[in-house]
Amino acid sequence: MTTPSLVELAGRFGIAADYEDWTGRRVVVPESTLVAVLAAFGVPAGTEPERTAALAASDRAYWSRPLPATVLGRAGARTPFWVHVTHGHPAEVWVQLEDGTVHAGVRQRDNFTAPFDLDGRLVGEASFELPDDLPPGYHRVHLRSGAQEASAALIVTPDWLGFPERLGARRAWGLATQLYSVRSRQSWGVGDLADLTDLAVWSASRHGAGYVLVNPLHAAAPTTPMEPSPYLPTSRRFVNPLYLRVEAIPEFAYLRKRGRVWRLRDDVQKRGGKAVPEAQAIDRDSAWAAKRAALRLVYRVPRSAGRELAYAAFCAREGSALDDFATWCALAEKHGGDWHQWPASLQHPAADGVADFVAKHSAAVDFHRWMQWQLDEQLAAAQSRAVGAGMSLGIVHDLAVGVHPNGADSWALQDVLALGVSAGAPPDEFNQLGQDWSQPPWRPDRLEEQEYQPFRALIRTVLRHAGGVRVDHIIGLFRLWWIPSGAAPTEGTYVRYDHEAMIGILVLEAHRAAALAVGEDLGTVEPWVRDYLRARGVLGTSILWFERDRDGDGGPLPAERWREYCLSSVTTHDLPPTAGYLAGEHVRLRDSLGLLTRPVDEELAAAESERTAWIAELHRAGLLGKHADLDETVLALHQYLGRTPSRLLGLALTDAVGDHKTQNQPGTTDEYPNWRVPLSGPDGRPVLLEDVFTDPRAAALAEALRANVSSADSASTAKKCE
């Protein structure tokens with residue numbers, strides 16, 4: 001049995017002392033795990049006296065605070081909250097909206113909580129209720145009691161998000177792509193934002209696509225070897241300059257040494273595989289070395305007065321967060337990409353040596369600042385041209401779960417991140433040893449104390465030039481698996497977050513950006529979570545291979561029973577493209593890498609059984625003939641998506657070109673070239689973006705999804721008319 005005081009202390013910080021695993025079995029968390037996770041909150045709890053002291057400190061902290069650090073409310077609902085004043089003293093409470101106006105209507109409610117003795121002063125608790133007509137936004141609650149004055153953040157979020165007005169009640173289909181793999185004749189060995197723009201314009205103007213879902217474009221460290229995983233970035237708020245198209249920068253037109261830039265590009269294209277199509281993996285390091293050299297040249301070109309004003313405005317808008325990021329990048333180039341190994345005087349943004357470094361290396365810091373400005377402009381252009389080409393949504397960005405433990409965000413935000421633990425996932429059906437993502441998680445208590453400012457800024461930035469955001473592992477906004485340093489993933493536990501705040505801020509920022517939000521809600525999910533997301537107007541995610549009739553025989557879930565508020569696709573980046581999946585590549589690859597937990601023959605038999613069941617379902621639905629070939633089967637599976645009520649349908653670009661290779665094999669790092677696989681055709685040879693535009697297979701699949709979306713909209717319209 002776990003010590004009761006330890007259980008109570010853990011509960012106050014949202015740390016689970018027990019949980020239900022993926023088999024339904026109740027698991028008691030070891031005391032050593034609870035102690036380690038509490039230590040990540042800065043709470044010593046290894047002995048009974050430490051726990052007693054920590055519980056007392058928790059009580060004191062609560063009663064010492066006049067107001068909650070952050071008050072959360074929903075538009076259209078009354079919001080209760082507490083205030084603490086000297087016992088018996090009156091309390092005056094009012095709301096100041098973010099536009100500066102004062103809003104009346106705060107009412108007091110009964111509260112019979114006994115007063116608390118705080119160092120000889122009796123502190124009483126009163127309850128108040130905010131009115132239900134407050135607009136969504138970031139406001140403040142003010143308290144006055146005698147000479148005491150205090151204020152707290154008030155975040156009022158929309159009750160419901162749903163779809164942007166420009167999409168309305170229509171369905172939409174779109175492409176999902178790993179941008180780095182999509183190379184054109186003009187890109188520098190890695191797909192870039194100009195390629196993304198062209199892909200969006202082609203799919204929208206030729207085939208009626210409503211969006212392009214792109215992998216996280218988050219920044220990687222500017223050092224080599226560059227981290228290939230877009231899901232392990234150095235920063236989630238800023239963007240990887242590897243995705244810049246050098247020639248699209250306005251100052252490039254005035255560069256005298258343009259010939260040198262062309263030579264840099266030609267050289268990296270040859271080494272990156274253009275000259276040898278059966279070439280190897282994406283070479284980010286060569287691409288970045290060449291592109292960085294070219295960007296340096298363009299950076300030195302004088303800017304016009306108007307461009308200087310635009311740059312200054314961008315820097316002012318991004319503020320200290322941009323300064324910290326640019327500073328970290330310059331420091332990383334000089335001292336290496338792990339800030340834990342830097343001199344002590346540089347290991348925190350406020351450390352003594354940082355200001356001196358910035359003063360001595362101002363140009364190096366400004367170069368990284370400037371690249372973020374260029375990225376912002378090219379992202380804006382991509383979204384503008386996508387919408388201009390007819391997309392109802394445009395670019396949908398992917399938000400990774402966390403950041404690299406040694407990177408820019410972990411350095412700049414270390415005061416709000418948990419140290420001594422990493423985020424991951426407990427054992428489940430597909431990863432029975434659990435997963436350690438090596439990423440430092442948010443500290444929920446620090447987020448609340450900082451009024452969720454870091455999270456607010458992150459979501460706002462991702463949505464600035466977007467029609468939507470896909471939140472990877474959205475369950476992490478409810479609870480996240482924390483693993484103590486040095487422990488196995490199985491030795492972690494769940495830590496809860498205030499999902500009303502996290503999801504509410506996501507909904508508020510998406511509402512303000514006129515965008516939608518999609519949650520990747522696969523894996524181990526508490527049953528009520530999907531209902532909650534649906535009630536807030538946040539879409540879920542369905543992958544065809546995972547949609548099973550769990551209330552029946554476990555076979556394919558009939559199309560009519562799929563979710564409506566959902567982004568549905570046949571495959572995902574953690575599986576082979578559909579052609580490869582049908583051929584059992586996901587089994588053979590895991591077998592070759594030693595990742596199977598049972599004999600390969602059993603796995604192949606299970607894969608064949610799954611394939612047979614889906615073929616039978618396609619026959620039942622009248623979408624597939626008896627002697628269909630591979631292309632016809634892939635087409636039928638995507639047509640099946642159209643039979644579902646799902647509002648968003650997705651087509652992986654790898655499926656569109658007949659690729660067989662998976663982009664990422666979970667459970668591996670260097671054993672497989674994860675996130676370095678170029679877009680390829682059925683023969684395994686890399687495919688350039690220009691070839692996609694003339695590929696009959698891509699056109700056929702795109703038109704099939706357009707037809708499904710159009711027919712469903714027509715049917716819906718006809719039903720309404722009846």
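Guide: Contact here means heavy atoms within 4.5 Å. This is a predicted model, in which local features need pLDDT of at least 70 and side-chain atom pairs count only at pLDDT 80 or more, while totals for chains, interfaces and linings use all residues. Residues are numbered from 1 along each chain as its sequence is written, and side-chain values use heavy atoms, with hydrogens and water left out.

Visitor: Which residues does G336 touch, not counting those up to four places away in sequence?
Guide: G336 touches L331 and W342.

Visitor: Where does G336 lie?
Guide: G336 is in the loop between α7 and α8 (352-360). Helices (H or I, at least four residues) and strands (E, at least two) are DSSP runs, numbered from the N terminus.

Visitor: Why does G336 count as partly exposed?
Guide: Because its relative accessibility is 25%. Buried means under 20% relative accessible area, exposed over 50%, and partly exposed in between, with a 1.4 Å probe and protein chains only.

Visitor: A new topic, then: which domains does the assignment give?
Guide: The protein chain has domain 1 (4-62), domain 2 (67-157) and domain 3 (170-209 + 539-717). Such bounds come from an automatic or database domain assignment. The C-alpha centres of domain 1 and domain 3 are 43 Å apart.

Visitor: Why does the second largest pocket lie between domain 1 and domain 2?
Guide: Both domains give residues to its lining, so the pocket lies between them. On a 1 Å grid over the protein atoms alone, a pocket is an open set of points where a 1.4 Å probe fits, with protein on both sides within 12 Å along at least five of seven lines; lining residues have an atom within 4 Å of a point.

Visitor: What lines this second largest pocket?
Guide: Of its 29 lining residues, R12, F13, D445, E448 and E449 are the closest to the centre. Elements that each supply at least two lining residues include α1 (4-12) and α11 (444-449).

Visitor: And helix α12, how many of its residues are buried?
Guide: Eight of the 10 residues of α12 (453-462) are buried, among them F455, R456 and L458.

Visitor: Last, which residues touch the most other members of the largest nonpolar core?
Guide: Of its 110 residues, these are W173, L295, W328, W370, L544, W545 and Y640. Helix α7 (residues 305-335) gives the most to this core, with 11 residues. A nonpolar core is a set of buried Ala, Val, Leu, Ile, Met, Phe, Trp, Tyr and Cys residues joined through side-chain atoms within 4.5 Å.
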